[in-house]
Amino acid sequence: MDSQALARGKAHQPCAACRMLRRRCDNNCVLAPYFPYEIENFAGVHKVFGASNVIKMIQMVEETRREDAVKAIIYEATARLRDPVYGCAGTIFHLQKMVHELNMRVETVRSQVLELQEQRDQLLGILTKVHLSPAAPANHLAFDGSDFSLDGDNYMGYDPVKSPVECDWIV
């Protein structure tokens with residue numbers, strides 16, 4: 001802030017607040033450190049709160065926290081101009097709703113991952129049991145009374161002579 005004040009003092013340029021209010025900007029200007037050149041920021045703040053109220057709000061805050069207070073004032077004014085009824089509370093509510101929806105999605109994905117892991121574990125268990133058990137005879141592969149008999153046919157690369165783990169169609 002000191003370098004800004006020195007630069008402003010050498011150039012004799014008024015701060016954005018004083019330019020907008022068309023008044024002389026002196027070294028004691030409360031608004032100068034926080035609205036050096038951005039007229040847009042001060043215009044919104046002035047429209048929502050008014051210059052005298054902004055000066056009062058800034059003076060009520062400790063000097064070490066004034067910059068954060070001005071940022072909050074600018075944010076509130078911008079939100080209030082965007083949404084005159086709810087202001088930043090509407091933005092906060094919208095963001096909270098988004099966070100809640102995203103948490104619900106995360107929980108859904110977590111449950112899907114757990115389901116898939118269980119399925120994978122079951123399939124791995126079945127494969128290890130099939131691999132460890134002796135090869136079943138080919139007549140156990142026929143379906144009762146259906147047209148999908150595998151006896152004697154080489155169906156989709158299935159060879160009943162090979163063990164089930166060595167079949168071409170198992171990935």
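Leaving aside neighbours within four places in sequence, which residues is F35 in contact with?

## F35 and its surroundings

The contacts of F35 beyond those neighbours are C15, A16, A17, N41, F42, V45, V54, V70 and I74. Contact means heavy atoms within 4.5 Å. The model is predicted, so local features need pLDDT of at least 70 and side-chain atom pairs pLDDT 80 or more, while totals for chains, interfaces and linings use all residues. Residues are numbered from 1 along each chain as its sequence is written, and side-chain values use heavy atoms, without hydrogens or water.

F35 sits in the loop between α2 (16-21) and α3 (39-48). Helices are DSSP runs (H or I, at least four residues), numbered from the N terminus. F35 is buried, at 1% relative accessible area. Buried means under 20% relative accessible area, with a 1.4 Å probe and protein chains only. V70 lies 35 residues from F35 along the chain, yet their C-alpha atoms are 9.0 Å apart.

## Helix α4

Helix α4 spans residues 51-60, and its buried residues are A51, V54, I55 and I58. Seen down the axis, they fall within an arc of 100 degrees, so they line one face of α4. The arc is taken over directions from the helix axis to the C-beta atoms. These buried residues pack against α2, α3 and α5 (66-82).

## Cysteines

The structure has zero disulfides. A disulfide is a pair of cysteine sulfur atoms within 2.5 Å. For C25, the closest cysteine sulfur is that of C18, at 3.7 Å, too far for a bond. For C29, the closest is also in C18, at 3.6 Å, again too far. C25 is buried at 17% relative accessibility. C29 is buried at 11%.

Notes
Helix = DSSP H or I, 4+ residues; strand = E, 2+ residues; numbered from the N terminus. Buried < 20%, exposed > 50% of the residue type's maximum accessible area, 1.4 Å probe, protein only.
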